[in-house]
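Good morning. Please have a look at it first.

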Amino acid sequence: MERRSGIVELRMNQDQSCFACGLENGVSVYNLDPLTRKTRVDFEEVGSVGRVEMLRRTNLIAIIGGGQSPKFSDKQILVWDDARKQLVLQFTFQGPVKSVRLTPDKLIAVLEHKIYIYSFPNSPQLIKAIDRLGNKFGLCEICPSQSRQLMAYPGNQAGQCEIMDLATLEDRHMSVAPTIIAAHKTSLSFISFNQKGTRIATASIKGTLIRVFDTKTREQMIELRRGADTALFYSISFSPDDEYLCASSDKGTVHIFALRDQALNKRSTFKAVGFISQYVDSQWGLAQFSVPPECKCLCGFSPTNSVFAICANGTFHQYVFTKSGSCSRQSFDVFIDIGFDQDLDI
């Protein structure tokens, strides 16, 4: 992460209307449209923060210590209640917590070799523990839709993605095995649901391809190519209507792909002259724009058919794109310097 800005971690909330920053001096939460700072948790309360997770637009924020001056161990998850301005819950584990996810009634703690699922927030109880052979990135994503309680995480074989229906955990007499998708040949590096939970996008540690699958049938819907060289994906997001997908990586480029009208995506010039290979047959982005390279960047879609990028150097970029592939900058700001607006909606 970009320590000169004081930002250790960036994370969007489930509907991508807000984002939170884990900072060397606490936590800040921002609204995206309009871009305003909504709340702040001071260093004196939580120290420097390595991981942060919002629960939609509520007052609850999960925090894991990190950065240069942590007040709490990375083996703990703290829950901050912004309405009460205090820490209200604490979970402690035997090893470092790689990530934490929240739903209205569950907290998921992701360690390298375990995933713990707790009831939440009232009187938390352990519901289930899932053994993993290895999950060094702490990959785990929750379906944004409140009507589909899906959780995705890496399988125990390289390249596999497992999808669990969390709703089945409530019934002790119901035991439903996770859906397993053989997504890639090498280990996963990124997982992302669409808003409805009907599609899931995956990428591997090679960082060249994004594959989109139907979460029910496990059918591959489309394969998209970011590039030919290895890269680390920072973000993959579906548009609210599933018409487009955007992705960012450590190469400093945000790529925009068409999912519905796939004819809009670019193809290799070699295809036109008869070459046949997986590379030549790939679909490339219809548009792209540049952000600071090797600086973590989260990207997503705004309601105005534009793509935004939130970067760990404290900058915000918004671009409008057309179906012909042109991209023009709509706005730029340094969000780390923005003052307060008002507290989170509850």
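Start at phenylalanine 335. Setting aside neighbours within four places in sequence, phenylalanine 335 is in contact with Ile7, Leu10, Phe19, Cys21, Tyr30, Leu35, Ile310, Cys311, Gly314, Thr315 and Phe316. Keep in mind that this is a predicted model.

Where does that residue belong? The largest nonpolar core has 34 residues, and Phe335 is among those that touch the most other members, together with Leu10, Phe19, Val254 and Ile310. Several strands each supply at least two residues of this core, including S1 (7-12), S2 (18-23), S23 (253-258) and S28 (315-321). Which strand gives the most to this core? That is S27, with 5 residues. As background, nonpolar side chains tend to be buried together in soluble globular proteins.

There is also a second, separate core, of 18 residues. Among its members are Val79, Phe91, Val97 and Leu102.

That brings me to strand S9, residues 97-103. How many of its 7 residues are buried? The count is 6, so strand S9 is mostly covered. Strand S9 is joined by 6 bridges to strand S10, residues 106-111, and the two run antiparallel. They form a hairpin, with 2 residues between the strands. Within this pairing, threonine 103 has lysine 106 of S10 as its bridge partner.

Next, tyrosine 234, in strand S21, which covers residues 233-238. Is it buried or exposed? Tyrosine 234 counts as buried because its relative accessibility is 15%, and the cut-off for buried is under 20%. Not counting residues up to four places away in sequence, tyrosine 234 touches Phe190, Ser248, Ser249, Asp250, Glu294, Cys295, Lys296, Cys297 and Leu298. As for proline 104, its C-alpha atom is 26 Å from that of tyrosine 234, and the two residues are 130 apart along the chain.

Last, a sheet. This one is open, has 4 strands in the order S13-S14-S15-S16, and its pairing is antiparallel. Which strands are at the edges? They are S13 (141-142) and S16 (179-182), and each pairs on one side only. Strand S13 is joined by 2 bridges to S14, residues 150-154, and these run antiparallel. Opposite glutamate 141 stands alanine 152 in S14. In general, strands of a sheet pair through backbone hydrogen bonds.

That is all I have.

Conventions. Residues numbered from 1 in each chain as written. Predicted model: local features only at pLDDT ≥ 70, side-chain atom pairs only at ≥ 80, totals over all residues. Heavy atoms only, no water. Pairing = 2+ DSSP bridges. Buried < 20%, exposed > 50% of the residue type's maximum accessible area, 1.4 Å probe, protein only. Contact = heavy atoms within 4.5 Å. Core = buried A, V, L, I, M, F, W, Y, C linked by side-chain atoms within 4.5 Å.
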